[in-house]
Protein chains: 2
Amino acid sequence: MTTGTETTAQPRIPLSKERVLRGAIVVADQGGIGALTMRKLADQLGVEAMSLYYHVANKEALLDGVVDTLIHEIEDEMGGFTPPSALSDWQTEMRTMILAARATMVRHPWAPGVIETRTAISPALMRYFNALLGIMREGGFSYDLAHHAMHALGSRALGFTQELFEPDEASETDAQDVNAMLEQMAGELPYLVGMMVEITHDDPDSTLGWCDDQAEFTFGLDLILDGLEDIRART
Amino acid sequence: MTTGTETTAQPRIPLSKERVLRGAIVVADQGGIGALTMRKLADQLGVEAMSLYYHVANKEALLDGVVDTLIHEIEDEMGGFTPPSALSDWQTEMRTMILAARATMVRHPWAPGVIETRTAISPALMRYFNALLGIMREGGFSYDLAHHAMHALGSRALGFTQELFEPDEASETDAQDVNAMLEQMAGELPYLVGMMVEITHDDPDSTLGWCDDQAEFTFGLDLILDGLEDIRART
DNA sequence: ACCTGAACACCGTTCAAGT
DNA sequence: ACCTGAACACCGTTCAAGT
């Protein structure tokens with residue numbers, strides 16, 4: 001009851017589902033998805049953990065809501081998932097939309113992991129997909145091809161991909177360590193070592209974390225979009 | 001000490017890292033990844049939870065080992081990740097290898113989720129990648145293009161993709177429910193509804209879980225492989 | 001209507017101790 | 001060398017109770 005400065009949490013504003021969801025995003029942004037526990041979220045909101053259950057059924061429902069909020073964020077930034085403008089071709093419209101989604105994923109690196117575990121599809125996500133399908137339909141796709149296209153894109157449709165070789169960000173292996181390691185593996189893994197040697201040679205600064213994620217993302221995206229356009233034009 | 005039948009666990013065989021890892025795979029296969037706790041794994045092995053820590057540093061290390069074992073399984077099935085045979089083109093070799101990996105993922109549906117969370121790369125996975133790179137190199141790829149290719153494939157290189165619209169397997173929504181739902185959404189989501197109507201119309205049996213995963217996987221895979229071949233042939 | 005305290009079942013993990 | 005018991009810090013969640 002001290003009238004001291006209320007720095008982070010203002011206990012006066014009553015809780016609401018929206019405040020809970022926004023709080024969850026803040027917690028995950030600051031501490032990673034591991035920090036998003038009911039207890040820590042409650043702390044962040046200046047409340048007891050059990051109060052959250054009044055606004056959200058359980059943690060799964062919380063995560064569902066978080067994803068929905070995030071997609072909503074993309075929608076607002078784009079000024080709504082508007083119907084295709086017919087001002088440009090389907091491919092550039094699709095590219096623009098997906099890269100906008102990607103920008104949000106880059107701002108919330110923990111989001112892909114959460115999205116992957118959802119079993120229900122959020123209403124906002126349905127609107128997003130509807131918009132992508134609209135772009136393809138107006139661009140001359142059959143529903144059948146558009147359906148294949150969604151599968152082919154997979155998570156890339158939402159602006160992220162599952163990399164298999166995620167370089168360990170924690171271990172700051174420098175170029176020298178890498179070279180020693182490569183030397184050792186060269187016998188068993190000639191092609192892998194060959195690739196890494198060539199790439200680190202072309203770019204002296206690069207180490208194991210050598211990849212330009214944005215460039216690789218657009219390379220893969222365009223590869224798929226170009227392939228789809230080929231099929232569309234042929235049929 | 002009763003000489004009764006030792007049904008599941010034989011406490012006589014001493015624990016070993018291999019037995020722990022194989023046990024973990026059994027537990028996950030039977031009860032899903034949620035069932036894979038140190039305590040339940042210990043039960044399965046007829047041992048106390050704390051005994052596991054003698055053979056495995058912690059749960060993260062356990063999961064690292066599980067992934068390594070799984071890739072090893074692929075390797076054994078294929079008779080080793082042999083160098084390219086030069087008997088066929090790079091594209092069919094790549095396809096064969098990736099579809100073999102996929103078969104293992106289908107047998108262990110929880111595996112992709114575990115693989116995604118790994119931060120270290122397992123030795124077996126390195127051999128797998130080396131083999132893929134070998135196929136591409138011998139097929140006429142530059143290391144630069146092969147590198148792009150690995151990124152473009154992402155998790156598809158290991159036989160799985162992240163779908164965004166995973167139909168809820170639990171809810172057995174029948175065609176009638178789906179139609180009612182579609183009716184309701186038609187105004188806001190015309191393209192999404194249009195696609196689903198057409199697809200459920202073409203195949204009267206199909207519902208929300210309408211997709212042939214294997215067919216969609218190969219469609220996306222071939223789209224990427226064809227695109228890569230185009231680039232390779234042009235340069 | 002909205003929030004809380006105490007309690008429960010379940011985690012991963014430590015550490016000293018047993019054989 | 002290999003395994004265990006007791007204990008700790010931390011989860012999500014329930015339920016009856018407070019205002």
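The buried residues of helix α2 of chain B pack against α1 (17-31) of chain B; helices here are DSSP runs of H or I with at least four residues, numbered from the N terminus. The model is predicted, so local features need pLDDT of at least 70 and side-chain atom pairs count only at pLDDT 80 or more, while totals for chains, interfaces and linings use all residues. Residues are numbered from 1 along each chain as its sequence is written, and chains are lettered from A and ligands numbered from 1 in the order in which they are written.

**Helix α2 of chain B**
- B:Leu41, B:Ala42 and B:Leu45 are the buried residues of α2(B) (buried: 20 or more other C-beta atoms within 10 Å of the residue's own; exposed: 12 or fewer; partly exposed: in between; C-beta atoms are placed from the backbone).
- These residues lie on the same side of α2(B) because they cover an arc of only 100 degrees around the axis, the arc being that of the directions from the helix axis to the C-beta atoms.
- B:Gly46 follows α2(B) and has a positive phi, near 65 degrees.

**DNA strands**
- DNA strand C is surrounded by 16 residues, the closest being A:Leu15, A:Ser51, B:Thr37, B:Asn58 and B:Lys59 (near: C-beta atom, placed from the backbone, within 6 Å of the strand).

- In chain B, 43 residues are in contact with 43 residues of chain A (contact: C-beta atoms, placed from the backbone, within 7 Å).
- On the side of chain B that touches chain A, two or more residues each come from α6 (123-138), α7 (143-153), α9 (190-202) and α10 (213-234) of chain B.
- This side of chain B divides into 21 nonpolar, 13 polar and nine charged residues.
- B:Ile224 touches A:Leu223, A:Ile224, B:Ala152 and B:Leu153, leaving aside residues up to four places away in sequence.

**B:Glu60**
- Helix α3 (residues 59-77) of chain B contains B:Glu60.
- B:Glu60 counts as partly exposed because it has 13 C-beta neighbours inside 10 Å.

Key
Two residues are in contact if their C-beta atoms, placed from the backbone, lie within 7 Å. Ala, Val, Leu, Ile, Met, Phe, Trp, Tyr, Cys and Pro count as nonpolar, Asp, Glu, Lys and Arg as charged, and the others, Gly among them, as polar.
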